Amino acid sequence: MLATTRVTTYFGNAILSGATGFFFERDDRLYLVTSRHVVHETGSGHAPDRLEIELHTDETDLTRVKSVSLPLYAGGLSAWHAATDSCGDIDVAVIDIDRSTLPPGARLCGFTPTHLQDRLEDVEIGTSLLVPGFPLGFHDTVHHLPVVRFATVASSFGVRFQGQGFFLTDARTHRGTSGAPVVMRSGRSGEGGLPWKLLGVHSARMDMGGRDPNQDESLGLNCAWYADVLMALTKPRA
C-alpha cells in the first residue's frame with residue numbers, strides 16, 4: 001500500500017484532477033509512475049504544470065503525511081518521460097524524483113525491475129490481480145491509504161490486444177484509478193519486500209463505441225499497459 005500514492009494535478013494553484021501513481025526504483029533512482037494522460041492530454045486540453053503526491057512520514061503512525069510538489073516542466077521542457085511505439089503513444093509516464101526533496105522520515109516502497117514478470121506462461125486467462133488506487137479520489141482519509149479492486153486477466157497475457165501495448169483486465173474501476181499498478185501475488189518477495197509481480201499500469205476503461213447506454217451495460221473491461229515499458233522509460237539518459 002505504501003508503494004501507491006494519491007496524485008493531484010494542478011495548474012498554478014487550481015486543482016485540475018485526481019489520479020493514482022506508484023513508485024519504481026532502478027539503479028538507486030526513484031520514479032513516480034502514472035498514466036501519460038494524467039500529466040498531459042492533448043484532446044481534452046488537460047495540461048497541468050505540476051502535481052502533488054502524499055508521502056507517509058512515520059512508519060507506525062500512518063496519519064502523518066506530507067505533500068510533495070513535483071513540477072512537470074523545467075526550462076521549457078517536460079520533466080516527465082513517455083514513450084511511443086508503432087501504434088502511437090503509450091499511456092504511461094514517469095517522473096524522476098530527487099530524493100533530497102523528500103520530507104524527513106519519508107516512508108515509501110518501490111517496485112523494481114525484479115518485480116516485472118518475465119515468464120509470460122505463468123499468467124493465464126482469469127489470473128487474479130489487484131488494482132490499488134484512488135477511485136473518484138476515495139480512500140482512507142485518516143491513514144491516507146488507497147483502496148483495492150479485485151481484477152482478473154481478461155485477454156491473452158503477452159499478446160498486444162488489438163496490436164496495442166496493453167492487455168485487458170476485468171474489474172470495476174472509476175476515474176481517479178488511472179496510473180494504478182496492476183499486480184499479481186508472487187510466491188516470494190522481491191527487492192523492498194514486496195511479494196507482488198508488477199504486470200501493468202491501469203489506464204482507462206474500454207467500451208464499445210456503438211453501445212446503447214439505455215440497453216447495454218458497460219463492458220467492465222480496462223486497459224493495462226504492460227509494465228515492461230518502465231525499463232525503457234527509466235533507462236539512463238546521456
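Reader: Between which two strands is the loop that holds Gln-117?
Author: This is a predicted model, in which local features need pLDDT of at least 70 and side-chain atom pairs count only at pLDDT 80 or more, whereas totals for chains, interfaces and linings use all residues. Residues are numbered from 1 along each chain as its sequence is written, and side-chain values use heavy atoms, with hydrogens and water left out. Helices (H or I, at least four residues) and strands (E, at least two) are DSSP runs numbered from the N terminus. In these terms, the loop of Gln-117 lies between E9 and strand E10 (128–133).

Reader: Is Gln-117 buried or exposed?
Author: Buried means under 20% relative accessible area, exposed means over 50%, and partly exposed lies in between (1.4 Å probe, protein chains only). Because the relative accessibility of Gln-117 is 15%, this residue counts as buried.

Reader: Which residue has its backbone oxygen 2.7 Å from a polar atom of the Gln-117 side chain?
Author: Contact means heavy atoms within 4.5 Å; not counting residues up to four places away in sequence, Gln-117 touches Asp-122, Val-123, Phe-157, Met-184, Lys-197, Leu-198 and Leu-199. The backbone oxygen that lies 2.7 Å from a polar atom of its side chain belongs to Arg-119.

Reader: Where is Ser-35 placed, and which backbone oxygen lies 3.2 Å from a polar atom of its side chain?
Author: Ser-35 is in the loop between strand E3 (29–34) and helix H1 (36–39). Its relative accessible area is 0%, so Ser-35 is buried. Among the residues that Ser-35 touches beyond four places in sequence are Asp-91, Ser-178 and His-202.

Reader: How many residues of E3 are buried?
Author: Strand E3 is largely enclosed by the rest of the structure, because the buried residues make up five of the six.

Two strands pair if DSSP finds at least two bridges between them, and E3 is joined to E9 by five bridges in an antiparallel arrangement. E2 and E3 also run antiparallel, with five bridges. The count of buried residues in E3 is five.

Reader: Which residue stands opposite Val-33 of E3?
Author: E2 and E3 form a hairpin with two residues between them, and Asp-27 in the turn has a positive phi of about 50 degrees. In this pairing, Phe-24 has Tyr-31 of E3 as its bridge partner. The residue opposite Val-33 is Phe-22.

Reader: How many residues does the largest nonpolar core have?
Author: A nonpolar core is a set of buried Ala, Val, Leu, Ile, Met, Phe, Trp, Tyr and Cys residues joined through side-chain atoms within 4.5 Å. Phe-22, Val-33 and Val-92 are among the residues with the most contacts inside the largest core. Elements that each supply at least two residues of this core include E3, strand E9 (88–97) and helix H2 (229–233). The size of the largest core, in residues, is 24.

Reader: What distance separates the C-alpha atoms of Leu-2 and Leu-145?
Author: Leu-2 is found in the segment before strand E1 (4–11), and its 26% relative accessibility is why it counts as partly exposed. Leaving aside neighbours within four places in sequence, its contacts include Phe-23, His-56 and Leu-145. Leu-2 and Leu-145 are 143 residues apart along the chain, yet the separation of their C-alpha atoms is 7.6 Å.

Methods: Polar contact = N/O pair within 3.5 Å; in protein donor to acceptor, adjacent residues only side chain to side chain.
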